[in-house]
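I opened this entry to look at how the chains meet.

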Amino acid sequence: MERRIGVYICHCGANIAATVKVKEVAEFAASLRGVVVARDYMFMCSDPGQELIKNDIKELMLNRVVVASCSPLLHERTFRRVCRDAGLNPYLFEMANIREQCSWVHEDGATEKAKELVRAAVMRVYYHQPLESMEVPINPNTLVVGGGIAGIQAALDIANAGYKVYLVEREPSIGGHMIQLDKTFPTLDCSACILTPKMSDVGSHPNIELLTYSEVEKVAGYIGNFKVKIKKKARYVDEEKCTGCGLCFQECPVIMKSEFELGLAERKAIHIPFPQAVPNKAVIDKREERPCKAACRDACPIYTNVQGYLALIAAGEFRQAYELIRKTNPLPAICGRVCYHPCEEVCNRGQIDDALAITALKRFAADQIDVDKLEIPQITKVGKRVAIIGSGPAGLAAANDLALLGYNVTIFEALPEPGGMLHVGIPEYRLPKDILRKEIGYIEKLGVEIKTSTKVGEQVILEDLRKSYDAVFIATGAHESLKLGIPGEDTPGVIHGVNFLRDVNMGQRVKVGKWVAVIGGGNTAIDASRVAMRLGASSVTILYRRSRQEMPATPAEVEAAEAEGVQIIFLAAPIRISTENGKVSQIECIRMELGKPDASGRRRPIPIEGSEFTIAVDTVIPALGQVSDLEFVKGLGLEVSAEGTIAIDESTLFTNIDGVFAGGDVVTGPQTVIAAIAAGKKAARSIDNYLKGECFVAEGEKYVPQKLSKREIATIKERFPSQSRVKMTELGPKERTKGFTEVEQGYTTEQARREARRCLASQIEGCFNCHECERRCDPNAIDFEQKDRLLEIEVGSIILATGYDAFDPSVISQYGYKKYDNVITGLEFERLSNAAGPTAGQILLKNGQPPQSVAIIHCVGSRDKNYHEYCSRVCCMYALKFAHLIREKAKAEVYQMYIDMRCFGEGYEEFYERVSTQDGVKFIRGKVSRVTDQALSDEGKGKLIVIVEDTLLGSVIRVPVDMVILSIALQARADADKVAKLFAIGRRADGFFMERHVKLEPIATFTDGVFIAGCCESPKDIPDTVAQAKGAAAEVLSLLARRKVEIEPIIASVDEEVCSGCGLCAKVCPFGALTLDGKERLMLVNRALCKGCGACAGICPSSAISLSHFTPRQILEQVEALTY
Amino acid sequence: MAVINPLTEATEAIIEAGGEALKSCYQCGLCTGACPWNLVRSFLTRRLIHGAQLGLVELESEDVWLCATCGACVEWCPRGVEIVDIMRALRRIGAQWAATPKSLKTVMASLGAVGNPMGEVREKRANWAKGAKVKAFAPGTEYLYFSCCVPAYDPQAKRIALATASILNKAGVDFGILGSEENCCGESARKVGEEALFQSLAQANIEAFKKHGVSKIIVSSPHCYHTFKNEYPALGGNFTVLHTTQFLAGLIENKRLKPKKPLPKKVAYHDPCYLGRHNKIYDEPRRVLAAIPGLELVELPDCREDSLCCGGGGGRIWMETKKGERFSDLRLEQALGVGAEVLAIACPYCLLNFQDSLLTMGKESVLEVKDISELVNEAI
């Protein structure tokens, strides 16, 4: 067909015509192949200009049009429409850019270049083909990204129009920066007061699906038909179940800086960011897996939250640490001294360097608290009575737990003082009596009655107790000594270990001789030997029939005894005690050797014949072991085992008599304090179940302490530097043996915190899985199994309202932020001034005093080539607001150091005047050079000195102030680049998202269907943000009103004859528009998905794919025109 | 008061002389507050620039000649104004109008006549090196050591050159000097507006360097460093330039030099303006000092980018500064304030100014001023 091309050269006023000789270009164009008409005109885009083209098309029967004017970005659509209106296919049009690419950038040669560009366009249009565009429906759902005021407003407007909105917010709550602000300028409305109603509307709106703690991962598709993948991060809290009650955070031991309060206050790992959060649901800040296995906890018979209280000690929160311990352990101060700490044996840090000093830290926490002053919780009585026989650790633990459950508990104690073995078995130098009395005293305050000197079997009988109480718990321990069974055992001068310790502990005057032999290798033997040293023995010798390795006593205790001068003869057993004048004179022993292991797994000692030897002694203390006196149970018919202990059902502690329970040493034989406490606690649970008539829930899984693998050890060593255990101060051996003063002196605060900080669990930021919250959560909302979830949604349009980051002024070393305490940012001031903030709205210095004078430095990070060249637009106004609030609340002098005051909005200038006249704020025109603490005069001592040239005065002044507020810039989000790529939109040089046109399209982007609103587009105040958000909503609604959208027909097409179906094109297609038809071995193009980028056409090895409107012929002709 | 009008011609002249940067200034005054002069007297940098913007500068006024070109103002200027260039432009015009202060005129005359500011005999330039095992630079010698005029002639500052030569010899570095063929680098001349003089000094040096086949130069003065590195290339002189602190840091890193003798002293390092702010060399001097065993390095309150000028830049070293107005006095007080026993420097001008202050303040017994090269030489 004959080509009839019309060429139109636009003057664009003087924009083009001033540098390009338009007439000459038109004349040149007229001479080109196929051109039938070439004209120039003042404004081709004007109505007469458009009419001109239309008339020519009709009258001259043009079938191709070229307009040489501005950028196709501006007017390609206009001229295509002109063609269509005149009956010409709009794709038979081509535009030559002789403005941006020619007249604006050249002075000489612009005319020649314009001619070249026009020729190229003409040669290209010569080969254009008519194309038909396609219409696709618009999905009525909208995605709004960002839950600040912009996102909230846009979401509400669209939802109120009846359309569904997905609002995605990456933080756990919506609210954005606005919810952090105190008052808003210039009206001084409370920011939260005006925002929270909107937040709560969002939370409850039937058309809004709120996805907090979520981020967009992937965006595919095109206007009207986006497919979006959203990652919903695990909150570890079931949002359906959580009631927002806040109990969980009280119990959480992990203290972190609150992001909402900008680090000015603390929060827990499980938290709700702020009271008005939407949704008001807790979230666990869990960032990585705990580096250790918390074997300590699994090894503890009462499953103490060791990592929890260690973390609290490390954080200096000693009271919270104590309370956490006492939640499961009624005797923290006692266990902190005498527990044999199975936790430390398995501590995973022990595999790296030294195990944590867990016992010592427990003692430290307990020693910080005066138990006498502890509050007594409110207890609701259940009106049932429980008798407990024995006030040792088992009895006390049971009493404590039962009392807290509301039972009336009476303890019967045979001895005149309560405590059982804690009192009579453990010497004072290990466990001071007043510590014991205080902890027992607290249990009494819970309502437990302790009847001392009341031996069951003598003063009262068991049968009566069973009748008059609803349940009975027997925890009488094992207090009877095992006999040596050798001649001479009954001579005066032989005193059994438990009896010996009991007498000493009860304050009786006990005399030991000069030479003391102690027989046995357990803790009682060690205690007895060390007590004997303290009572003045010249020499104390322990005889033990096995070797050191088999000794059941705690190694640390053995060492301590040896340090105090106790001798230990291993592999020796007594065979006879000889007397002289009715007194012990010597002990005859025999050497032993170790044979095969016996029932206990230890090697059996065998006497060596003929190895007898004697030691001269005047006191012998056998400490072979203890048994229980069970005479008192016989009347009731309690079953007794062959070992001489009470027989029970292990899971319930039931004896064979209904309502009678037993636990502790009386059941197990001599055991540890912590084992007895565990038995007491188990008894309490069992009795509670029994009395409530519930069946006893068998103990859950048994926890098995886990070890670190070699690989884990290697990783940990790499990550965390080795640190050995902090040593505790002890009395020297000489000092010790002078009396019964406590040997271990306990940690100092600094030592304790240093030691606690070694705990591997707290090396990580965030939750370390102690599950304390889980224990406390009534609705069972905590879910540690929760995983990140990937949601896929389909939407027709997208609004980005991702906001801004606050500029970090610490890079401006001159202003001393982070160096001087009282140099703060504007955002920090907002929190300080906020009634719900860390100071309850009082404007205070770091030392808690109100400031006398405050300097506000403007343009920090803004209007500054070193940081951001742009003006952040809100700082002048918020600085004025700060000044007003400071004058109002703290009555301090306020200085504004500004370069230019920019108060451009409604009521802003009036506010400026009000702050200068009514508030009497002082204005200094000049950019601050420096903030220093180096005063030149006495009045500046201890103050911050702000050095600035008052440029109006023409002199440098040094203003002494107490507080400096930096009016920091608003900057693009740190991840703006990532987000821009995700949504295929552009960014300006300043980092913010680029609008389609700076004046006329401030909300649309270059990607159809993606809109921007608020500070992600540029810094702006709240009114402008809201206006833009409403604009974005209007853009979306106008799309929805159209229901359909036209898709450009510039897409790829496949030459079926040539395509071999190799699939290379599918790999490079960013839109997933190409698929392989396996049957025909050729590629298929999805017209709706294809965006016409041309990547496929470029890569196709056989040139089977071409892009309509950009065919090789069209492009080559154009290029040829330019290169010829 | 007389009505004054802006003088467009004067503004244009200043721009022509290299003061183009004045157009960017938005008169915020940060420069004034950053200028060390305001610690001792009033000097309104901003107002001077505003005067230049309107063509209303009194060239004869003292203000034009005060700037020590330390760059403290430029460092933080929000509009990135090269204020030093504006000062230089003003002085160039001042020099054309014969407004140069007298003391400077003498120095400039000496520079023109004998190639050094002290007016010393050209032939004696290599005298410092007598007996120090320093050879004349010959083709093939690896490094030219360019001592700067001050260590070459000043009896006090000579120790910098000697210490440097001693270290280079101990480390087995192949180096030589050009002696009487060396000229002042010309930095002062340029900064006081004597552009033609600068050009001729620079050309003379470039020619001498090229004639002898110099490619790598070690310098003791940051002023030489700045000029050789940043200004000679435009005049056709392209050489690899290393300040001694950079070179020593390299030797230490490559284990060619190992300070072994302990120097158990508290040492504060003063960042010279032309090494620090002008050329961003902050870490190498500190690394060298840190390599000396026993030496405790303390920071002065104003350090690195915020360093307080000694007062010797921009030709000020050749001008008299009134007692009470010397920045070097303030700097010594800072050093004493942090309990330093030695103030380590890396610039001959700094040495002259601090030595003077030490004497006038009577603090010689409590504080020493030493070049880093001297400290290293003592430690090896």
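**Interface.** I started with the contacts between the two chains. In this predicted model, 25 residues of chain A are in contact with 21 residues of chain B. I then looked up the buried area. The two chains bury about 1800 Å² between them. Carbon and sulfur atoms carry 46% of that area.

Next I checked the charged pairs across the interface. I found two salt bridges between chain A and chain B. One of them joins Arg930(A) to Asp302(B), at 2.3 Å from N to O. I also looked up polar contacts between the chains. There are 13 residue pairs of that kind, with both residues at pLDDT 80 or more.

Which elements of chain A give two or more residues to the side that touches chain B? I noted strand 40 (944-950) and strand 41 (955-961). Strand 41 gives the most, with three residues. I sorted the residues on this side of chain A by type. Eight are nonpolar, nine are polar and eight are charged.

**Helix 3 of chain B.** I moved to helix 3 of chain B, residues 45-54. Its buried residues are Thr45(B), Arg46(B), Leu48(B), Ile49(B), Gly51(B) and Ala52(B). What do these buried residues pack against? I found strand 40 of chain A, together with helix 1 (8-19), helix 2 (30-34) and helix 5 (83-96) of chain B. I also looked just past the helix. There, Gly55(B) takes a positive phi of about 75 degrees.

**Salt bridges.** I took the total next. The structure holds 104 salt bridges over all chains. I picked out a few pairs.

Arg758(A) forms a salt bridge with Glu755(A). Their closest N and O atoms are 2.8 Å apart. Buried or exposed? Both Arg758(A) and Glu755(A) are buried.

Lys922(A) and Glu893(A) also meet in a salt bridge, at 2.9 Å from N to O. Lys922(A) lies in strand 38 (residues 922-925) and Glu893(A) in strand 37 (residues 893-898), so the pair ties together parts of chain A that are 29 residues apart in sequence. I checked the accessibility of each. Lys922(A) counts as partly exposed because its relative accessibility is 36%. Glu893(A) is partly exposed too, with a relative accessible area of 31%.

In chain B I looked at Lys191(B) and Glu187(B). Their side chains meet in a salt bridge of 2.8 Å, N to O. Both lie in helix 9 (residues 187-191), four residues apart, so about one helical turn separates them. Lys191(B) has 4% relative accessibility, so I logged it as buried. Glu187(B) has 1%, so I logged Glu187(B) as buried as well.

**Glu94(A).** My last stop was Glu94(A), in strand 4 (residues 93-97) of chain A. Its relative accessible area is 10%, so I marked Glu94(A) as buried, the cut-off being under 20%. Which side chain joins that of Glu94(A) in a polar contact of 3.1 Å? I found Arg124(A).

I listed what else Glu94(A) touches, leaving out residues up to four places away in sequence. Val65(A), Val66(A), Val67(A), Ala121(A) and Val125(A) are among them. His128(A) and Gln1118(A) also touch Glu94(A).

Notes:
Residues numbered from 1 in each chain as written. Chains lettered and ligands numbered in written order. Predicted model: local features only at pLDDT ≥ 70, side-chain atom pairs only at ≥ 80, totals over all residues. Heavy atoms only, no water. Contact = heavy atoms within 4.5 Å. Buried area = accessible area lost by both parts, 1.4 Å probe. Salt bridge = Lys/Arg side-chain N within 4 Å of Asp/Glu carboxyl O. Polar contact = N/O pair within 3.5 Å; in protein donor to acceptor, adjacent residues only side chain to side chain. Nonpolar A, V, L, I, M, F, W, Y, C, P; charged D, E, K, R; others polar. Buried < 20%, exposed > 50% of the residue type's maximum accessible area, 1.4 Å probe, protein only.
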